[in-house]
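This report is written for a reader meeting the structure for the first time. It begins with one term that the description of the strands relies on, and then moves through the chain by theme.

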Amino acid sequence: MDVVQSVGRVMRVAPGKKRGYVVLPVVIPAGVEPDQALDNNKTYQVVWQVLQALRSHDDRFDHMVNKMDLQARPDTSRMEVIAVTKKITAKTKALTTGTAQKAHSSYKIGKKASFPNDDRQETLQFEVGEIERAIYAKIVKKVGNRHHWEDWADDIARIAQTHITRIKTILENPNNVEARTSFKEFTSDLRTELNDSISEDEVIEMLAQHLITRPVFEALFAGHSFIGDNPMSRAMQTVLDALDKHSLHKETDRLEAFYASVRERASGIDTSYGRQKVIKELYDGFFQKAFPRLKDRLGIVYTPIEVVDFIIRSINDVLESEFGQTLGSKGVHIMDPFTGTGTFITRLLQSGLITKEQMLHKYRQELHANEIVLLAYYIASINIEATFSDLMDGNYEPFEGICLTDTFRLNEPHDLVSSTLEDNNRRIRKQKKLDIRVIMGNPPYSVGQESGNDNNQNVAYPTLDARIAETYAERSTATNKRALYDSYIRAIRWSSDRIGDCGVIGFVTNAGFLDANTANGLRQCLAEEFSSIHVFHLRGNQRTSGETSRKEGGKIFDAGSRAPIAISLMVKNPNAKKQGRILFYDIGDYLTREQKLKRIQELASVNSLTGEGLWQIITPDEHGDWLRQRDDSFRKFIAIGSKEKNAGPMLFCLFSRGVETARDAWCFNSSRSALESNIKTMISTYEGELQRFNDAFPSLDRKEREKQLDGFVTSDPTRISWSRSLRQDFTKNVPLSFDGKRIVLSLYRPFQRQYLYFDKNINNYINQMPRLFPDAKADNLIICVPGLGGDKGFSAFVTNHAIDLNLAPAMGGYQAFPQFIYEIDTLKQNRTEQNRTEQNRTEQNRTEQNRTEQNRTEQNRTEQNRTEQNRTEQNRTEQNRTEQNRTEQNRTEQNRTEQNRTEQNRTEQNRTEQNRTEQNRTEQNRTEQNRTEQNRTEQNRTEQNRTEKLYTTLIEEQEKNLVICLSSGGQKNAFSALMCNALPSLHMVDIDGTQCFPMFLYEQEKER
């Protein structure tokens, strides 16, 4: 109440009063970091209360607070932060003379912040800036009330889905000729430009993204003519204009509050740093929630600025040392083939490595960027254009170097001829003719979808994948080479081919290629193709656990990736004195993400690592190992198993991976009945969808069926779980049926048995497991060991059941080595015999059915005759029964009277017998008591004799014996025991007597 009243008095209008002041002293203890000190809510509670009160009174103050941390020079019209020390008097100049501007400019790379040349001390100047920045940041955090875009993303995702539904409805109506024609033309052009496999649903989703995000960009970058200048924006707007005639914009009006929050947040931002921060918020918060499936498929993460700056500086240093050029040199074409939001190009423009004289030519002719995701493409375009405009004194010029395209497809044969995307095609054709010398960026990490229900699989690139097959895969010794087609490895292959025999590649990627067994061929090729390779290993592998995980430290991409990360600079210099030089540096153990980013920022470039002598020179072995080089003596041992030809002697001629179901939740269960219900539900859904599909597309060939499949069948995860193999069966029109004999016991996890539906059509891969366990009755023992891809050490397990592939997760997939192998021929004979038997049964059933039908007809006739006779017989029988019932009732009455008399006699006899029994029991109890008393007397005499003997023993040899005293167990009390070397009493530990067990016994002759 005091705070509210005080603020009210200050703001109250009065005659002659021009301004009211609230002075809030904030004291930071010596030796404490400002941001840490301000976290003390109790100490500074009144400060935040006053500011909250001012916000509630004045909307202008509220807006000022919400964008305070995004401005180079905070608005001081309503609030000033004045740092006071003894040696600085003119403290009001701290904000009014641009100190905050210089503090923010220190974020830029390539140049240091400069300070006024006056009598102020440098250390104090730093302290003043720190205090101001800390207080401003804390005010935003404690008092700010901005709308979090993550909250909007949920609404946007729903509205995007509504847009998609409305667009589909418009396009399905044959009367909307103009809209349908425009859409089909645009879809055809996109397939030519991006990929042939792009579906109409994906195009509709792109249109929905454009519809929702256009107002965001207009608000965020007011004054830039992006909508009119960008070719993709123009093309999509043409399609949407045709659709908008059907009131498509109505749903977007519901987002006006969201767009208002963006305009409010963006207005007044006067630094590229602030704009980058807003873009990151938009990209992370909006993109991750609103369109998660696309994010997962493309492996999209936002690259930390520290990593981007390190790569840019390092490339510049390598260009200078190897080729005598810089990133600003004329003729050095620079490309970011996976530009995302344009961070690499934007930071390059801001770096100071390109002079203002070089800037215009470089921007127009020698900077190039590609992006496949529409939303990211928009952000990158506007971001780069706005940054260039800031650097060129506000002059706006569209960025002609960016293309909406699939970079991997640029090597594939396809026609770049389209009417709606002609401007974009022109840019692509121009780019393909250029001699690219520098490639930088953050390639996507995805290797494929996790679930077939996602309809989210990665696209195939025949030409690029053929290059991987003839290089990396050809020289790999791994059996399963699927990981070599991961997007980031495709990016390395594509980039190496793109720069030819001279150039520099700077990537931040998954670090798995450094030591993965699958990637040994990749490492051999890299060492041969590049003259030098610099690898800065940032660690952060969170697929490990325990101490290993703690040593790996924080994840550079935070929640964006759990994989280890490395910065790689690969140089092709045909004139280098040494070829295939590999330099490696590990950032270290137990570092948090923040510590790693700080270390990257301190090092700044590969030149710092060279200057400090931190590089470790790697000499690859003959197998292509860089980090964990194998011991060749291991090859002298006999292999336990191998699938290679001419592998030599081995212990097991056949072994198998565990069962890979691709749908564990469906195929495994602790309950047999629940498993049966799950499988029947899935098979029923599959069969229903197959019938529906065949009815809708009765004459399609297999390839056409594949194209129609994704958009037609249900992906409801509660009804069916799709996988690659199940989709193939669907396109082949393979039916499914349930067989209870295929339910077997399996080992799902160590010591955890579960029922498994063991069927090659329902399981994704059963491998050789049928040779080990052909049916539920098969008897076998298998030794299970982890595969080569595991990272949690070796272990072994023996079981007599079929196993899951991931018997212990993250162990590389388990291999099973059997005691017995069941022959395929025997299995085939059994199956053939079963089929023949089944056919015979079917034939017999048909014959039996015919006979049964004849019998039924004959039976019906006979039955009718019998029915008539039965009716006559029943009438006669009924009369007889009535007479019998009357006679029976009379007899029953007589019997009841006789029974009552007998019962009375029995009762009398029982009473007499009970009296006699009671007398006998009383006599027995008396006799038993006498016997018990005699027994107790005898026990006491015996106990006295034992005690006397024990007493004699202890007295004769005092302190030379020990006795363990135990309760006799006669009571319900808990067991007790103690040890003593003196004579114990009878009831020392138990009321029913204490039993004593001595260490020594003495004979009558007193000899041991």
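Two strands are said to pair if DSSP finds at least two bridges between them. In this predicted model, strand β14 (residues 782-786) meets that definition with β15, the two pairing in the antiparallel sense over 3 bridges. One of the residues involved is C784, whose bridge partner in β15 is F797. The pair belongs to an open sheet of 4 strands, which run in the order β10-β17-β14-β15 with antiparallel pairing. Because β10 (656-657) and β15 (797-799) each have a single partner strand, they stand at the edges of the sheet, and one side of each is left without a neighbour there.

**The chain as a whole**

The chain has 1008 residues, of which 43% are buried, and its secondary structure comes to 32 helices and 20 strands. Its accessible surface is about 55900 Å², with 46% of that area belonging to carbon and sulfur atoms. Among the contacts between residues at least 6 apart in sequence, 72% join residues that are at least 24 apart.

L190 is placed in helix α9 (residues 177-193), and it counts as buried because its relative accessibility is 0%. A second pair of this kind is E202 and I164, which are 38 residues apart in sequence and 9.8 Å apart from C-alpha to C-alpha. E202 is placed in helix α10 (residues 200-220), and its relative accessible area of 27% makes it partly exposed.

**Salt bridges and cysteines**

A search of the whole structure finds 29 salt bridges, and the table gives some of them.

| E602 | R599 | 3.9 Å |

E602 and R599 both lie in helix α25, where they are 3 residues apart, or about one turn of the helix. E602 is exposed, with a relative accessibility of 51%, whereas R599 is partly exposed at 22%. Elsewhere, salt bridges that share partners join R467, E470, R493, D497 and E529 into one network.

How many disulfides does a search of the whole structure find? The search finds 0 disulfides. Among the cysteines, C525 counts as buried because its relative accessibility is 5%, and C667 is buried as well, at 0%.

**Loops and backbone angles**

Is N573 buried or exposed? N573 counts as buried because its relative accessibility is 7%, a value under the 20% that sets the limit for that class. N573 lies in the loop between β7 (565-572) and β8 (581-586). Leaving aside neighbours within four places in sequence, the contacts of N573 are with E322, F323, S531 and Q579.

Most residues other than glycine have a negative phi. Y590 is found in the loop between β8 and α25 (593-603), and it is partly exposed, with a relative accessible area of 44%. A662 also has a positive phi, of about 65°, although it is not a glycine. The loop that holds A662 runs between β10 and α27 (664-667), and A662 counts as partly exposed at 40% relative accessibility.

**A nonpolar patch on the surface**

Which residues form a nonpolar patch on the surface, with about 490 Å² of accessible area together? The patch is made of L962, I964, M979, F997 and M999. M999 is placed in the segment after β20 (994-998), and it counts as exposed because its relative accessible area is 53%.

Key:
Residues are numbered from 1 along each chain as its sequence is written. This is a predicted model: local features need pLDDT of at least 70, side-chain atom pairs count only at pLDDT 80 or more; totals for chains, interfaces and linings use all residues. Side-chain values use heavy atoms; hydrogens and water are left out. Buried means under 20% relative accessible area, exposed over 50%, partly exposed in between (1.4 Å probe, protein chains only). Contact means heavy atoms within 4.5 Å. Patches are made of residues with over 30% relative accessible area and no salt bridge: like charges are joined within 9 Å, nonpolar side chains (Val, Leu, Ile, Met, Phe, Trp, Tyr) within 5 Å. Accessible areas come from the Shrake-Rupley method with a 1.4 Å probe; for residues, only the protein chains shown count as cover. A salt bridge is a side-chain nitrogen of Lys or Arg within 4 Å of a carboxyl oxygen of Asp or Glu. A disulfide is a pair of cysteine sulfur atoms within 2.5 Å.
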